[in-house]
Amino acid sequence: MKTDLDIRVVELLCSRLCHELISPVGAINNGVELIEEMGAEMADEAIGLIAHSADQASRRLRLLRLAYGTAGSGKSGLAEAAQAAEGYFAGSKIKLEWLPGRLEQAGSLHPGSGKVLLNLVILAEEALAYGGRIVVEPASDGSPVVAAVGRNAGLKDETAQALADDIAIENLTPRTVHAYVTGCFARHLDLNLVTAQESSKRFAFHLQS
C-alpha cells in the first residue's frame with residue numbers, strides 16, 4: 001500500500017525527534033561547561049554527568065533509528081527492536097515485559113512487524129500517565145499485542161484520532177504525530193491495527209495481518 005506523507009508531518013516528526021534528544025544532549029553540554037568553569041575539582045562529577053547523558057542519548061537514538069528508519073523494516077528485526085525498547089526503558093518508572101522469542105513461537109509474523117511493534121511500545125508509554133507496565137505478547141490467535149497496563153491506562157482522544165487517521169494534517173502536533181506515523185506504518189505494511197480499552201487499567205493494541 002502506498003502511503004504519502006505531508007510535508008507538515010515531516011516537520012512535526014523532526015520536532016519530536018529533537019525533543020527526544022535535546023535533554024541528554026543538553027546535559028552533555030552542561031557537563032563540558034562545568035569542567036571549563038570549575039576545572040579539575042569538578043571533573044569527576046562532570047564526567048559522570050556526561051557519561052550518563054551520552055548513554056541516554058545513545059539508547060534513545062537506537063530506538064528512534066529502528067522506529068522511524070529503514071533499519072527496523074527487515075524480517076529479522078524483532079529481537080533488535082526488543083533490545084532497543086529494553087534499553088530505552090532502563091531506569092524508567094514504566095516496566096517493559098517483552099520476552100524475545102514468544103511472538104515468533106506463537107506464529108508467523110508479517111515482515112516489518114518489529115518496526116510497528118516498536119512504535120506501538122512508544123505509544124503505549126503515552127497511555128501510561130501514572131506509570132505501569134508495557135506487555136508485548138501474542139494473542140490467542142498468535143497475533144502480536146502491545147498492552148499498556150496501569151492506572152487510567154488509555155490514549156487521549158486526539159492521539160487516538162491521529163492513530164486512526166481521523167484527523168486533519170493541520171491539526172497534528174509534535175505530540176500526536178507519532179501516533180499518526182505509527183498508523184501510516186501499519187497501513188503501509190497492510191497490517192490491521194485495532195485498539196481496545198479492555199479495562200480501566202489495560203489498554204491494548206492488536207496488530208493483525
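**Phe205 and its surroundings**

Biologist: Which residues is Phe205 in contact with, leaving aside its neighbours within four places in sequence?

Modeller: With those neighbours set aside, Phe205 is in contact (heavy atoms within 4.5 Å) with Leu120, Leu123, Ala124, Pro144, Val145, Val146, Leu155, Leu163, Leu193, Val194 and Thr195. Keep in mind that this is a predicted model, where local features need pLDDT of at least 70, side-chain atom pairs count only at pLDDT 80 or more, and totals for chains, interfaces and linings use all residues. Residues are numbered from 1 along each chain as its sequence is written, and side-chain values use heavy atoms, with hydrogens and water left out.

Biologist: Why is Phe205 called buried?

Modeller: Because its relative accessible area is 0%. Buried means under 20% relative accessible area, exposed means over 50%, and partly exposed is in between, using a 1.4 Å probe and protein chains only.

Biologist: Which residues touch the most other members of the largest nonpolar core?

Modeller: Phe205 is one of them, along with Trp98, Val121, Ile134 and Val146, in a core of 52 residues. A nonpolar core is a set of buried Ala, Val, Leu, Ile, Met, Phe, Trp, Tyr and Cys residues joined through side-chain atoms within 4.5 Å. Helix 5 (residues 113-126) gives this core its largest share, eight residues. Helices (H or I, at least four residues) and strands (E, at least two) are DSSP runs, numbered from the N terminus.

Biologist: What does the second, separate core include?

Modeller: That one has five residues, among them Val135, Val145, Val149 and Ala204.

Biologist: Okay, rings next. How many aromatic pairs does a search of the whole structure find?

Modeller: It finds two. Rings of Phe, Tyr and Trp (its six-membered ring) pair if their centres lie within 6.5 Å; planes under 30 degrees apart count as stacked, over 60 as edge-to-face and the rest as tilted. Tyr88 and Phe89 make an edge-to-face pair, 5.0 Å centre to centre with 90° between the planes. Phe203 and Phe205 are edge-to-face too, at 5.3 Å between centres and 80° between planes.

Biologist: And is Phe203 buried or exposed?

Modeller: Phe203 is buried, with a relative accessible area of 8%. Tyr88 and Phe89 are buried as well.

Biologist: Which ring does the charged end of Lys115 sit over?

Modeller: The ring of Phe185, 4.7 Å from its centre. A charge sits over a ring if NZ of Lys or CZ of Arg is within 6 Å of the ring centre and within 35 degrees of the ring normal. Arg151 likewise lies over the face of Tyr130, 3.9 Å from the ring centre.

Biologist: Changing topic: what order do the five strands of the open sheet have?

Modeller: The order is 1-2-3-5-4, with mixed pairing; two strands pair if DSSP finds at least two bridges between them. Strand 1 (94-97) and strand 4 (192-199) are the edge strands, each pairing on one side only.

Biologist: How many bridges join strand 4 to strand 5?

Modeller: Seven, and these strands run antiparallel, with strand 5 covering residues 202-208. Gln197 has Phe203 as its bridge partner in strand 5, and Ala196 stands opposite Ala204. A hairpin of two residues links strand 4 to strand 5.

Biologist: What about strand 3 and strand 5, how many bridges join them?

Modeller: Five bridges, again antiparallel, and strand 3 spans residues 144-149. Val149 has Arg202 in strand 5 as its bridge partner. Strand 5 is mostly covered, with five of its seven residues buried.

Biologist: Last one: where does Ala27 lie?

Modeller: Ala27 lies in helix 1 (residues 7-38). At 16% relative accessibility, Ala27 counts as buried. Apart from its neighbours within four places in sequence, Ala27 is in contact with Leu49 and Ser53.
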